[in-house]
Amino acid sequence: MYKFNSGMVGIRAADASFVLDTLTQWNANDPDERLTGKLDLDHVGIFGHSLGGATAAEALATDGRFKAGLSWEGATWGTVAHTALKQPFMYIMTEDTDKSFDPSSEKVSVFYDEFVGDLKFIMTNSLNDTYYLTVDQFHHQSFTELALLSPPLFANGLDPVHTVDINRSYAKSFFDRYLKGDTNQPLLDGPSPDFPEVKFDIRWAYTKKRG
């Protein structure tokens, strides 16, 4: 299953590169004359949730044109599990899944045996800035907008608007810093009173600013 999933994520990462190839072609010469010369392809990021997060991490490892990446509780299958990332990378996980990394703990449904070793390799061998955050009261689907559709099922006791705000705020801060060059991003420097559920975990995190 691990081998199968690694291959599947490789296909999805290749799809992401194909999209970027196509945008590059259109930026050079769009047949419909809509996008020619209008795309900034020197500052492209990629992010996703679950399988999409796994794809984002793998795309960073296989295509250097992606300049930064964010994974919301995605797996760590594929090339990325054995390659030192050169781009900034943020990983955000639910606190319950993080607790599953304790050998004596009860495992959540998204946990698998290779998860700990692969993620540890990625976060400790990165050649660029990394961030590792956990979110209390989140579950796997909290990284989507399902909390807005059904708070009793998916908000897990939090204000559903607040759950979406957590995701959007940290993603925006990350990409504003690494794609737009806006270094004034206090959310990336430590805990925030606006988001007390978010734990800024330094075990697998490094930036040039804080060491």
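## Close-up views of a predicted model

**View 1. Thr55 and the residues around it.** Look for Thr55 in helix α2, which covers residues 51-62. Is Thr55 buried or exposed? Its relative accessibility is 8%, and buried means under 20%, so Thr55 counts as buried.

**View 2. Helix α7 from end to end.** Follow helix α7 through residues 160-179, 20 residues in total. From its first C-alpha to its last, α7 reaches 28 Å, close to the 28 Å expected at 1.5 Å a residue. How many residues of α7 are buried? The count is 16 of 20, which leaves the helix mostly covered.

View 3. Now move past the helix: α7 is followed by Gly181, which has a positive phi, near 75 degrees.

**View 4. Stepping back to the whole chain.** Here you can trace 7 helices and 5 strands. Starting at the N terminus, their order is α-β-α-β-β-α-α-β-α-α-α-β. The chain's radius of gyration is 17 Å, close to the 17 Å given by the globule rule for 211 residues, so the chain is as compact as a globular protein of that length. Along its principal axes, the C-alpha trace spans about 55 × 40 × 40 Å. Of the 211 residues, 50% count as buried. The chain exposes about 10,900 Å², with carbon and sulfur atoms supplying 56% of that area.

Methods. Residues numbered from 1 in each chain as written. Predicted model: local features only at pLDDT ≥ 70, side-chain atom pairs only at ≥ 80, totals over all residues. Heavy atoms only, no water. Helix = DSSP H or I, 4+ residues; strand = E, 2+ residues; numbered from the N terminus. Buried < 20%, exposed > 50% of the residue type's maximum accessible area, 1.4 Å probe, protein only. Expected span 1.5 Å × (residues − 1). Rg over C-alpha atoms; globule rule 2.2 N^0.38 Å. Areas by Shrake-Rupley, 256 points an atom, 1.4 Å probe, with all protein chains shown as cover.
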